[in-house]
Amino acid sequence: MEKVAAPAPPDTTELREPAWLGRRRRRPAVSLAVRLSVPLALLVAWWWGSGSGRIPPDVLTGPGEVLSALKELVSTGQLADYVLASARRAGLGVLLGCGAGLLLGVAAGLSALGEELIDPTLQMKRAVPFLALVPLFISWFGVGETFKVVLIAVAASAPMYAYTYLGVRSVDRKVVEAARGFGLRGPRLAVSVVIPSALPSVLMALRISLSVSLTGLIAAEQLGATEGVGYLVTLAQQYYRNDYMVLCILIYALLGLLIDLVIRGAERLVTPWRGQVTAR
């Protein structure tokens, strides 16, 4: 019986070039073009619809009228004053609200006693829309600056607490126990180990808190304000200035975009490893 020759072993002398395991980044110009494509498409559609008459002026003012309103406010200096007033209120409110939410989230996440004391009350407070607190705050603080700052702080504190609590609870307990073994306790443990480990959740909380604070800012500046972007909205409603209303919406949108870009930049700096999971 004739023997069948065994197949020859594969040739292992030739090595294949390994696949690229890193992250291929788009060129900045391409990435910027992709990011701007949808907003520019919406702007072109708005301009075309207004110019062709398909969008009536009483429904949505055209871009030309909005630019005229912008030039009018810039020439009088009111725009800078209103934006700075709103930024001051929002900044102070976010600082107070996010600071309180961060401290409470760390305390509830680290300690069982802290969770039992803090979490039920914060969960009840989170279930109550902060706009429902407006009449109560007015009776307590009036309609001055204190009312506006407190309302923004309350709006910003809930997301910060929830995400910080979740981030602290997601920290590896072995890391915490090892830090305690080296003598870290209390504030030193939180600042040196817990908060850096929960930093991605804290940054996400900051992005959401800043977005929610704009809603609180709008609501606060509708009452008893004499300056601010929300006050400009009230004037536009009183005098039926549709161009001013659209301009205020665009200002809020640009503020939200600027805030998001700043937080994204900070996130890339302090958590560079998170970019490695992004698909291109």
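A: Happy to! The chain holds 11 helices and 0 strands, where helices are DSSP runs of H or I with at least four residues and strands are runs of E with at least two, numbered from the N terminus. The model is predicted, so to speak of local features takes pLDDT of at least 70 and side-chain atom pairs count only at pLDDT 80 or more, while totals for chains, interfaces and linings use all residues. Residues are numbered from 1 along each chain as its sequence is written, and side-chain values use heavy atoms, with hydrogens and water left out.

Now to the pocket. The second largest pocket has a volume of about 540 Å³, taken as the space filled by probe spheres set on grid points joined across faces, edges and corners. A pocket here is an open set of points, on a 1 Å grid over the protein atoms alone, where a 1.4 Å probe fits, with protein on both sides within 12 Å along at least five of seven lines; lining residues have an atom within 4 Å of a point. Of the 15 lining residues, L36, P39, L40, L254 and L257 are the closest to the centre.

Which helices contribute? Both α1 (28–52) and α11 (242–270) supply at least two lining residues each, and α1 gives the most, with 8. By class, the lining has 12 nonpolar, 3 charged and no polar residues, counting Ala, Val, Leu, Ile, Met, Phe, Trp, Tyr, Cys and Pro as nonpolar, Asp, Glu, Lys and Arg as charged, and the others, Gly among them, as polar.
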